[in-house]
Amino acid sequence: MTATSHVDSESGPSSKHEERKVLAGTLVGTTIEWYDFFIFAQLTATLLSPLFLAPLNDSNPGLAQILSFALIGISFLFRPLGAIVAGHLGDRLGRKAMLVFTLIMMGAATALIGMLPTYAQIGFWAPVLLILLRVIQGFSAGGEWGGAALMAVEHAPMSKRGLFGAYPQIGVPVGMILATGLLYFLNTSMSKEDFAAWGWRMPFLLSIVLIVVGYLIRRAVAESPVFKEMQDRKEESKAPLGELIRNHKLPVLYSTMIFIGNNAAGYLLIAFFISYATKSLKMPVAQILLATTLASFGWLIFTLVGGWLSDKIGRVKTFLIGYAIVFAWMIPMFALIDTKDIMLYGVALFVLTVGLGLSYGPMSAMYAEMFPANVRYSGISIGYAFGAILGGAFAATIAETLLQSTKWTGSIGIYIMILCVISAIGVLLAKETRGRPLGVSHH
C-alpha cells in the first residue's frame, strides 16, 4: 500500500494496534503538556500573586491579580516562535522528533517552577525567573499541538479524521481534570498554611514523573505516513515557512480566527472563574475546584462528540453549532454564577463545556485539511498560536479588567460573544474541508 492510499483510503493505519499507539501517544503527550500549563493557570487564580508579587499584593490586591493573569498571557506571546521553529523543523525533520522535544522542554520548565524561590526569599528575581520559565512553557506549547494533531489526523482513515483528531484535543480537558483534581485533593488534605508554604510545589514537581511516562509512549509511535511519503518523494519543502508565507496566508488567517472564541471562553473556565468565584463571590476554594473538575468531564465528552460529529455532518456545521451554544450561554451563565449557589455554578460551567467541546473537537482535522503536506505542521501551528494570543492569552486579564471597571459580569459575556462571532466568520470563510486528500501527490 502506498503512503498516499495509506492516508486517504478508508482502511487507515495498517493495524488496530498501531491506531491505539498513535492515539495514546497524542493523547498522553497533550494531556501532560496541558496539565503543566493548567497547574500554573489555576494557581495563578488562587495563590501565586502573594508568593511572587508580594509587595504589590499587599498594597493593591486587585492590580496584583490582573498582573498575575498577565503572567498566563506572557507565555502565549512566545507560542508563535515555538510554532515557527517546531513547525519548520517538523515539516523538514518529522512530526515525531518535535513531539518528543516539546514534551521534554515543557516538563523541564514546569518542574523548575516547582523549585523556584519566592519573593520573600530572593525578592525581585523571583518574578523574573518565573517569567523566564513561562516563556519556555509558551515556546513549547506553540510547537506541541501541531505535531500531535498531525500525528493523529495523518494516521487516520478519511472517514474518521475528525474522531482521531479529537484525541489530542481531549488532552486539554484531561489535563484540566488532572490539574484541578490534584489541587482539590491538596486543598482538602492539608492546611492552607502548609499548602501556601510548600504544598503548591508538589503539582509542578509531579510533572517529572509524567514526562518520563509520556516520553516512553511517544517514542514508540511510528512517524506520520504523510511525512514518510514526503521523504520518499523528496518533495518536502526546503523552506516550509517561506512557502507558507508566500502562498498560504489566507488559511493561516482563517485558522487564527477560528480558534479565538473557543480559546478565550476556555480560559475563563481554566483560570478566571476560579479566581472570580473564590475572591469576588467568596465561595469555598475546594467546592469551586471540584465543580471545575466535574465540568471538565463535559469538555472531554463533547470534544470527542465534536470530532465524531464533524465526520458525519461536516467541520463547518459542527463548529457553528458549538459557537452558537457558547454565544447564547454567555449571559445566562454569568447570571447563574452570580447566585453564589455551587450547584448552579456547576451547571453554568457544564453547559459551557458543551459548546467548547463542539467548537474544539473538529479543529485538528479541519486545520490539517486546510494546508498541503509540505507546510502543514508550520501552517496549523502558527494559526493555532496566533489564535491563542488573540483569544485566551489575556482573556482572564481582560475579564478581570472589565469586571473591575464595569462591576457587571455581563460585560465579560459580551466580550466573549464578540469573539465567537469572529470565529464563526473564520469558519465560514475557510469553507468545508471534510474529505480533502492529505497525501503529497494531491497537492
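Predicted model: local features only at pLDDT ≥ 70, side-chain atom pairs only at ≥ 80, totals over all residues.
Local features here need pLDDT of at least 70 and side-chain atom pairs count only at pLDDT 80 or more, while totals for chains, interfaces and linings use all residues. Residues are numbered from 1 along each chain as its sequence is written, and side-chain values use heavy atoms, with hydrogens and water left out.

**Stop 1: the largest cavity**

Select V172, F259, N263, Y267 and W299. Of the 13 residues that line the largest cavity, these lie nearest its centre. A cavity is a set of points, on a 1 Å grid over the protein atoms alone, where a 1.4 Å probe fits but cannot get out; lining residues have an atom within 4 Å of a point. The largest cavity holds about 90 Å³ of space. A volume is the space filled by probe spheres set on the points, and grid points are joined across faces, edges and corners.

Which helix gives the most to this lining? Helix α16 does, with six residues. Now colour α2 (16-46) and α16 (249-280): each supplies at least two residues of the lining. Helices are DSSP runs (H or I, at least four residues), numbered from the N terminus. By class, the lining has nine nonpolar, three polar and one charged residues. Ala, Val, Leu, Ile, Met, Phe, Trp, Tyr, Cys and Pro count as nonpolar, Asp, Glu, Lys and Arg as charged, and the others, Gly among them, as polar.

**Stop 2: the second largest cavity**

Select G82, V85, A86, M98, F101, T102, F139, S140 and G143, which line it. Helices α6 (79-93), α7 (95-113) and α9 (125-154) each supply at least two of the lining residues. The lining has five nonpolar, four polar and no charged residues.

**Stop 3**

Axes are lines fitted to C-alpha atoms, for helices over the stretch in contact, and angles run from 0 to 180 degrees between N-to-C directions. Angles under 35 degrees count as roughly parallel, over 145 as roughly antiparallel, 65 to 115 as roughly perpendicular and the rest as oblique.

Show the side chains of W145, A149, L150 and V153 in α9, which meet M363, S364, A365, Y367 and A368 in α20. Contact means heavy atoms within 4.5 Å. This contact has eight nonpolar, one polar and no charged residues.

**Stop 4: α17 and α18**

Select α17 (residues 285-313) and α18 (residues 315-337). Their axes come within 7 Å and cross at roughly 135 degrees, which makes α17 oblique to α18. G306, L309, S310, D311 and I313 in α17 meet R315, K317, T318 and I321 in α18. By class, that contact has three nonpolar, three polar and three charged residues.

**Stop 5: two lysines**

Most residues other than glycine have a negative phi. K282, in the loop between α16 and α17, has a positive phi of about 60 degrees. Is K282 buried or exposed? K282 is exposed, with a relative accessible area of 65%. Buried means under 20% relative accessible area, exposed over 50%, and partly exposed in between (1.4 Å probe, protein chains only).

Finally, select K431 in the segment after α23 (410-430). K431 has a positive phi of about 70 degrees and, at 57% relative accessibility, counts as exposed.

Notes:
1 Å grid on protein atoms, 1.4 Å probe; cavity = no way out; pocket = protein on both sides within 12 Å on 5 of 7 lines; lining within 4 Å.
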